[in-house]
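Here is a short walk through one protein chain. Keep the sequence and the model side by side as you read.

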Amino acid sequence: MMLLTRRAEFSAAHYYWVEAWSAEENVRAFGACANRNGHGHNYTLEVTVAGEVDAVTGFVVDLKALKEIMEREVVGVYDHRHLNLEVAEFKAMLPTTENIAIAVWRRLEGKIPGARLERVRVYEMAELFAEYRGGK
Ligand SMILES: [Zn+2]
């Protein structure tokens, strides 16, 4: 079994806010991220797929297809958007790095021809990433 990882980048704005909490509680929990005007990040996304190396092509996955799926399903939807206000799944959950990794998984799972989605990593900054393996 072979793992192959493709990286992509997108820039997006977000804020963290729980409606059921008071302003003080939100600031206590989320600090600067509780600013409801939002702030931006340059995110890095790493998508890892697993499969067997094809005896003829030497590939585990069609690289062009993987790039297009990531572009269509994630980067094209998230890039230069305010995640809370403009992306449907973040109306129901806060766009934390962890939740973005889960959302990316849900957007890509089952859509990569010939390979299995193995891991999604989302970096909010170089020093911090969340990794999701679909409940494994
Ligand atoms: Zn932030």
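Predicted model: local features only at pLDDT ≥ 70, side-chain atom pairs only at ≥ 80, totals over all residues.

Residues are numbered from 1 along each chain as its sequence is written, and side-chain values use heavy atoms, with hydrogens and water left out.

Start with the whole chain. It holds four helices and five strands. Helices (H or I, at least four residues) and strands (E, at least two) are DSSP runs, numbered from the N terminus. Along the sequence their pattern reads β-α-β-α-β-α-α-β-β. The C-alpha trace spans about 60 × 30 × 25 Å along its principal axes. Of the 136 residues, 46% count as buried. Buried means under 20% relative accessible area, exposed over 50%, and partly exposed in between (1.4 Å probe, protein chains only). Now take the contacts, meaning heavy atoms within 4.5 Å. Among those with a separation of 6 or more, 67% join residues 24 or more positions apart.

Next, the interior. A nonpolar core is a set of buried Ala, Val, Leu, Ile, Met, Phe, Trp, Tyr and Cys residues joined through side-chain atoms within 4.5 Å. The largest one here has 31 residues, and Leu-45, Tyr-78 and Ile-100 have the most contacts inside it. Two or more residues come from each of strand S1 (2-14), strand S2 (39-51), helix H2 (63-78), helix H4 (97-108) and strand S4 (116-125). Another core lies apart from it, with six residues, including Tyr-16, Trp-17, Cys-33 and Ala-34.

Which residues does Ile-100 touch, leaving aside its neighbours within four places in sequence? They are Phe-10, Tyr-43, Tyr-78, Leu-83, Phe-90, Pro-95 and Val-122. Asn-99 is also in helix H4. Its relative accessible area is 18%, so Asn-99 is buried. Beyond its neighbours within four places, Asn-99 contacts Phe-90, Met-93 and Leu-94.

Now look at a helix pair. Two packed helices are described by the angle between their axes and the distance between the axes. H2 and H4 pack at about 140°, with axes 10 Å apart. Axes are lines fitted to C-alpha atoms, for helices over the stretch in contact, and angles run from 0 to 180 degrees between N-to-C directions. H2 and H4 are therefore oblique to each other. Angles under 35 degrees count as roughly parallel, over 145 as roughly antiparallel, 65 to 115 as roughly perpendicular and the rest as oblique. From H2, Ile-69, Met-70, Glu-73, Val-74, Val-77 and Tyr-78 meet Ile-100, Ala-103, Val-104, Arg-107 and Leu-108 of H4. By class, this contact has nine nonpolar, no polar and two charged residues. Ala, Val, Leu, Ile, Met, Phe, Trp, Tyr, Cys and Pro count as nonpolar, Asp, Glu, Lys and Arg as charged, and the others, Gly among them, as polar.

His-80 sits in the loop between H2 and strand S3 (81-82). Is His-80 buried or exposed? At 62% relative accessibility, His-80 counts as exposed. Its phi is near 60°, a positive value in a residue other than glycine. Asp-62 is in the loop between S2 and H2. With a relative accessible area of 44%, Asp-62 is partly exposed. Glu-25 belongs to helix H1 (residues 23-30). It is partly exposed, at 33% relative accessibility.
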